[in-house]
Amino acid sequence: MSLEYALLLIFPGLMAFAAMMDLFTMTIPNRISILLVAAFLLVAPVTGMGWEQFFIHLATGFAVLALGIVLFALGLLGGGDAKLLAAASLWLGLENLLQYGVMVAVMGGLLSIVLLAYRGILPPSWLLSQSWAMRLHNKKEGIPYGLALAGAALWVFPTTGWFNAVAV
């Protein structure tokens, strides 16, 4: 049972790491999405997920990846964001995809408002020497949307059926 708990901590840890990487570097390394997929492939059988549910999660991840690729091609989403979105959707599954999408939109909107407000003020002097803070302040830079993707995933994850089956 302790192995299941340890494996279930991987998702929140990697999502939080992805958010911090995006905040500080405006990139989400491929290794994070790869680790999320690999961990899911290990966690799902250990937690007793049935084959039908397993393939539904896989199909969800692939469908969201396809959508992410289209959004990336249209310039509406970064490549790292598209991969992280798909990896998170793999973990959350079809049954939680709507809730996840709504939370991504809400958190992304809040993030955008906060970032626009930050970009409209003079940063405090203690932030002026921080390259990441000044990059966020630059109106020509994008939005570290990995924060919204991770925040929404962490919001939804504890409500997932297979998470609750192990955690209870």
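Biologist: Does helix 2 pass helix 4 in a left-handed or a right-handed crossing?
Modeller: The crossing is left-handed, meaning that the near helix is turned anticlockwise from the far one by less than a right angle, with clockwise for right-handed. This is a predicted model, in which local features need pLDDT of at least 70 and side-chain atom pairs pLDDT 80 or more, while totals for chains, interfaces and linings use all residues. Residues are numbered from 1 along each chain as its sequence is written, and side-chain values use heavy atoms, without hydrogens or water.

Biologist: At what angle do the axes of helix 2 and helix 4 cross?
Modeller: At roughly 15°, with the axes of helix 2 (residues 30-46) and helix 4 (residues 79-92) coming within 9 Å. Helix 2 is therefore roughly parallel to helix 4 (angles under 35 degrees; over 145 is roughly antiparallel). Axes are lines fitted to C-alpha atoms over the stretch in contact, with angles from 0 to 180 degrees between N-to-C directions. Helices are DSSP runs (H or I) of at least four residues, numbered from the N terminus.

Biologist: Which residues of helix 2 and helix 4 meet there?
Modeller: Among them are Leu 36, Val 37 and Phe 40 in helix 2, and Leu 84, Ala 87 and Trp 91 in helix 4; contact means heavy atoms within 4.5 Å. The residues of this contact comprise 10 nonpolar, 2 polar and 1 charged (Asp, Glu, Lys and Arg are charged; Ala, Val, Leu, Ile, Met, Phe, Trp, Tyr, Cys and Pro nonpolar; the others, including Gly, polar).

Biologist: And how do helix 3 and helix 4 cross?
Modeller: Their axes come within 8 Å and cross at roughly 160°, so helix 3 and helix 4 are roughly antiparallel. That crossing is right-handed. The contact includes Gly 61, Leu 65 and Gly 68 of helix 3, and Ala 82, Ala 86 and Leu 90 of helix 4. It divides into 11 nonpolar, 6 polar and no charged residues.

Biologist: Changing topic, how much space lies in the largest pocket?
Modeller: About 210 Å³. A pocket is an open set of points on a 1 Å grid over the protein atoms alone where a 1.4 Å probe fits, with protein on both sides within 12 Å along at least five of seven lines. Its volume is the space filled by probe spheres set on points joined across faces, edges and corners.

Biologist: Which residues line the largest pocket?
Modeller: Among them are Asn 30, Phe 62 and Lys 83; lining residues have an atom within 4 Å of a point. Helix 2, helix 3 (51-73) and helix 4 each give two or more residues.

Definitions and conventions:
Angles under 35 degrees count as roughly parallel, over 145 as roughly antiparallel, 65 to 115 as roughly perpendicular and the rest as oblique.
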